[in-house]
Amino acid sequence: MTQFNDLNARLLVDLLRDRIKPQKSLGQHFLVDEKIILRSIEIAREFEKPITPQSHILEIGPGPGSLTLELLRTSARLTALEIDDETISHLKRVFPNLDDRFVLNKQDALIGNWPSDFTHLISNLPYQISSPVLEKIQNHHLINPISIIILLVQDEFAERMAMKRYDTRGPLGMSLWLDFDVYLDRKVPSNCFSPAPGVNSRLVTLLPTVRNKLSTVNRKLFRIIVKHCFSNRRRKIRTLLSKPPKRLNRVKGWHKEKWNNTILNVFSRTVDNLPEDWPNLRPEDLEPEHWVILTNTISTN
């Protein structure tokens with residue numbers, strides 16, 4: 001788009017920083033490395049989910065518009081959610097007269113509805129809302145499927161999303177596994193941002209997948225069990241499950257007495273497709289599929 005020829009990531013960041021002092025509370029660390037920005041668009045193409053003029057992208061927290069600029073250059077429709085008034089004013093100044101394909105909403109991304117028809121979610125997420133945004137992504141995807149999600153998040157957080165090592169397994173990655181395959185991409189040093197955060201970041205891709213074995217799993221119970229067990233990950237699963245999880249009564253039909261009776265029954269018999277000595281293992285020793293089997297065993301006893 002020719003009207004954007006005079007813009008680049010560094011200029012956009014400088015223009016915004018002339019007007020505001022970045023707030024840590026809003027996660028305002030602005031990406032200035034254009035290679036990383038362009039990589040987000042390359043990833044979509046590499047996973048055969050290219051951005052076209054027919055695509056509709058959702059961006060959360062556009063900030064100065066560094067990523068927004070490149071997304072608009074694809075000619076796709078773009079909806080951006082931003083909470084900061086001065087940042088919104090800045091974005092309206094630098095991207096004027098795009099009402100036909102750029103919608104800028106003043107909205108907390110964690111509150112209210114998202115557009116139902118977006119195909120791509122591409123964002124440099126503020127670190128402090130990464131977990132709740134992922135939960136909202138999953139809830140949205142169940143009703144309105146998303147083609148691909150490409151995020152820039154804190155490096156350690158990305159590792160927990162992908163669970164490539166035993167020590168990164170936990171509730172975050174187990175929950176995402178229900179709906180997505182998670183792929184780690186480039187690490188992004190802190191000097192790629194202005195102001196520089198105290199940690200490195202990483203690009204990560206969520207590609208939707210269908211796991212037939214999940215057709216009967218109680219998702220709420222699954223998440224409660226996994227969170228309960230990983231809260232004391234060095235203990236054995238037998239010890240952990242012997243105590244009812246917190247918030248168990250949020251699952252319809254469940255209470256402490258039912259849990260205690262059910263767990264006694266589960267421990268007293270062999271559970272097919274679980275490791276033979278699974279009660280004496282630690283949470284990180286079980287694969288995601290094992291947690292599904294365990295949840296189904298508990299819910300059907």
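Which helices are included in what covers the buried residues of α8? The structure is a predicted model, in which local features need pLDDT of at least 70 and side-chain atom pairs count only at pLDDT 80 or more, whereas totals for chains, interfaces and linings use all residues. Residues are numbered from 1 along each chain as its sequence is written, and side-chain values use heavy atoms, with hydrogens and water left out.

Helix α8 comprises residues 219-230, helices being DSSP runs of H or I of at least four residues, numbered from the N terminus. At 1.5 Å a residue its twelve residues should span 16 Å, which agrees with the 16 Å between its end C-alpha atoms, the expected span being 1.5 Å times one less than the number of residues. Buried residues (under 20% relative accessible area, 1.4 Å probe, protein chains only) of α8 are L221, F222, I224, I225, V226, H228, C229 and F230. The cover over these buried residues includes α7 (171-177), α9 (237-241), α10 (256-267) and α11 (288-299), where contact means heavy atoms within 4.5 Å.

Helix α1 (residues 9-17) packs with helix α4 (residues 85-94) at an angle of about 135°, their axes lying 10 Å apart; axes are lines fitted to C-alpha atoms over the stretch in contact, and angles run from 0 to 180 degrees between N-to-C directions. The two helices are therefore oblique to each other, a term for angles that are not under 35 degrees (roughly parallel), over 145 (roughly antiparallel) or 65 to 115 (roughly perpendicular). The contact is made by L12, L15 and L16 of α1 together with E86, T87, H90 and V94 of α4.

Terms used:
Buried < 20%, exposed > 50% of the residue type's maximum accessible area, 1.4 Å probe, protein only.
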